[in-house]
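Colleague: I would like to learn how to read the features of a structure such as this one. May we go through it together?

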Amino acid sequence: MISSAISSSPTSLSPFRPRKPLPTPRVPAILRSEVHPKAVLPLKPISLSPLIRPSRRQLPSMASSAAAAATSSKNLMVFDDEEELSVSLAKYTADLSEKFAKERGAFTVVLSGGSLIKSLRKLLESPYLESVDWSRWHVFWVDERVVPKDHEDSNYKLAFDGFLSKVPILPAQVYAINDSLSAEGAADDYENCLKQLVNDGVIAVSTASGFPKFDLMLLGMGPDGHVASLFPGHPLTKENQRWVTFIKDSPKPPPERITFTFPVINSSAYIALVVTGAGKAGAVHKALSDEQGSSDLLPVEMVSLQDGEFTWFTDKAAVSVLQDKASL
């Protein structure tokens, strides 16, 4: 259960901001130190790797204009292990936080569930805990299970327990779903909140697509290649009008969820896709190799920024099939 420290109601301008506010923790005085991430296979924009040839498949969500396509890039970073990955991810996130705080006065960050939260743990250490301007952060979820916020399946609870409760982000700038509503109602409510924040200038707008443009999306991927709550073969992967939609028949429990749609995901300024472990190597291989297999695209293959930078953060186990194929 979430601690009683978040049981009182905060001042809220939106009906679905967390009704259980996040406490502002004390920031310990930690000596600053430099962090030097080490990527095994740093890649140039667009080109996926010396070992991974650029895919010849055209993703359906690619920007239609040549100008938009020219300003997007895709990178693959491979680390020896998840520990090295988490060090690099922290620096990457902190650098973007500083960039957008200076440029926009706000940093809009979208979280996902699963193991992603654990990979953010280095942000809770020096130098980032005391150097990041947490007051500029606005936190959202790319998808959420329609369960109470203190439920074990809640992405909010996962993020609160592992990350949000340990950093001084303002409670009113953490945008959780209204868990008292149905899946459809919660999706509508969340989309309405995003529209209000766009009007208020907190969230930017993509000039390429007209959809909201979040500064950074921190995403994970399932072994089946799903991202957010967009699953292989599901009709929601083709939704192109809504910002936020709902699903009642998720193939992965719990069945009822809300999720951002691909037009919103693909309008991001930056995406970091964190994928680790041999259990996801098959999906990574399909997404990044140019081998012609099934014509059905995995959801992760449909992530294609219209005007931004998309970086895969992986470990050696996750790209093991790619490396095995390259060595043949």
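Colleague: Which residue in β7 does Val-110 stand opposite?

Modeller: Val-110 stands opposite Met-217 in β7. Please note that this is a predicted model, in which local features need pLDDT of at least 70 and side-chain atom pairs count only at pLDDT 80 or more, while totals for chains, interfaces and linings use all residues. Residues are numbered from 1 along each chain as its sequence is written, and side-chain values use heavy atoms, with hydrogens and water left out.

Colleague: How do strands of a sheet pair?

Modeller: Strands of a sheet pair through backbone hydrogen bonds, in either a parallel or an antiparallel manner. Two strands are taken as paired if DSSP finds at least two bridges between them; strands are DSSP runs (E, at least two residues) and helices likewise (H or I, at least four), numbered from the N terminus. Here, an open sheet of six strands has the order β1-β11-β10-β7-β2-β3, with parallel pairing. The edges are β1 (73-79) and β3, each with a single partner strand, so one side of each is left without a neighbour in the sheet. Strand β2 pairs with β3 (residues 137-141) over five bridges, and two bridges join β2 to β7 (residues 216-220).

Colleague: Why is β2 described as largely enclosed by the rest of the structure?

Modeller: Buried means under 20% relative accessible area, with exposed over 50% and partly exposed in between (1.4 Å probe, protein chains only). Five of the five residues of β2 (residues 107-111) are buried, so this strand is largely enclosed. Phe-107, Val-109 and Leu-111 point one way from β2, and Thr-108 and Val-110 the other way.

Colleague: How should I read a pair of aromatic rings?

Modeller: Rings of Phe, Tyr and Trp (its six-membered ring) pair if their centres lie within 6.5 Å; planes under 30 degrees apart count as stacked, over 60 as edge-to-face and the rest as tilted. By this rule the count comes to 15 aromatic pairs. The rings of Trp-137 and Phe-163 have centres 6.2 Å apart and planes at 45°, so this pair is tilted. Trp-137 lies in β3 and Phe-163 in the loop between α5 (155-162) and α6, so the pair ties together parts that are 26 residues apart in sequence. For Phe-140 and Tyr-175, the centres are 4.6 Å apart and the planes at 5°, so that pair is stacked. Both Phe-140 and Tyr-175 are buried.
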